[in-house]
Amino acid sequence: MAEQPENQPISDEERATWVREQFQKANKFLAENGVLFDSVITEESRYLMPYLAVWKIRAMDSKRYWVISGDLPSDYTSVDNAKDARDVLRHFAMHWQLKAENLINAEGADDTQKAFGALLINRAESLFAMQNAPDLWN
């Protein structure tokens with residue numbers, strides 16, 4: 001996705017397109033992992049365009065999940081692991097750090113695994129910084 005020049009505002013149409021694309025990306029990721037989407041709990045979902053979208057969803061089996069998509073690997077977790085969108089960023093930051101360590105240090109890890117581990121570390125650090133920025137959550 002092309003970045004907007006800093007002084008050019010994002011139109012409502014661009015924002016709606018980005019949100020729709022992230023929703024489709026998150027829904028596809030869930031389906032690939034055997035979770036069938038039912039509905040979004042919009043009042044608890046958050047978007048920080050063009051970086052990330054955090055969705056709270058209800059699956060067809062009535063279970064609830066947090067799903068993250070954007071300029072980072074898509075992932076999901078049970079709502080039991082995070083109380084709100086801010087907390088889910090903290091959850092994924094810690095989860096991805098551990099996952100990255102395991103990938104990078106695995107016996108026989110190839111360059112692709114190590115590169116993905118480095119990406120996870122980078123995105124985990126960004127998520128931690130975002131969840132720790134009070135001005136994003138007021």
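Predicted model: local features only at pLDDT ≥ 70, side-chain atom pairs only at ≥ 80, totals over all residues.
**Notebook: helix α3 and the cores**

I began with the length of helix α3, residues 111-131: at 1.5 Å a residue its 21 residues should span 30 Å, and the end C-alpha atoms are 30 Å apart, which agrees. The expected span is 1.5 Å times one less than the number of residues; helices (H or I, at least four residues) and strands (E, at least two) are DSSP runs, numbered from the N terminus.

Numbering runs from 1 along each chain as its sequence is written, and side-chain values use heavy atoms, without hydrogens and water.

I got G117, L120, R123, A124, L127, M130 and Q131. They sit on the same side of α3, because their arc around the axis is only 140 degrees, taken from the directions from the helix axis to the C-beta atoms. They pack against β2 (46-48), β3 (52-59), β4 (64-70) and α2 (85-105).

Of its 18 residues, L52, V54, I68, L89, W96 and L127 touch the most other members. α2 gives the largest share, 8 residues.

I followed L89 too: beyond four places in sequence, its contacts (heavy atoms within 4.5 Å) are L52, V54, I68, L127, M130, Q131 and W137. I also found a second, separate core of 12 residues, including W18, V19, A53 and W55.

Methods. Buried < 20%, exposed > 50% of the residue type's maximum accessible area, 1.4 Å probe, protein only. Core = buried A, V, L, I, M, F, W, Y, C linked by side-chain atoms within 4.5 Å.
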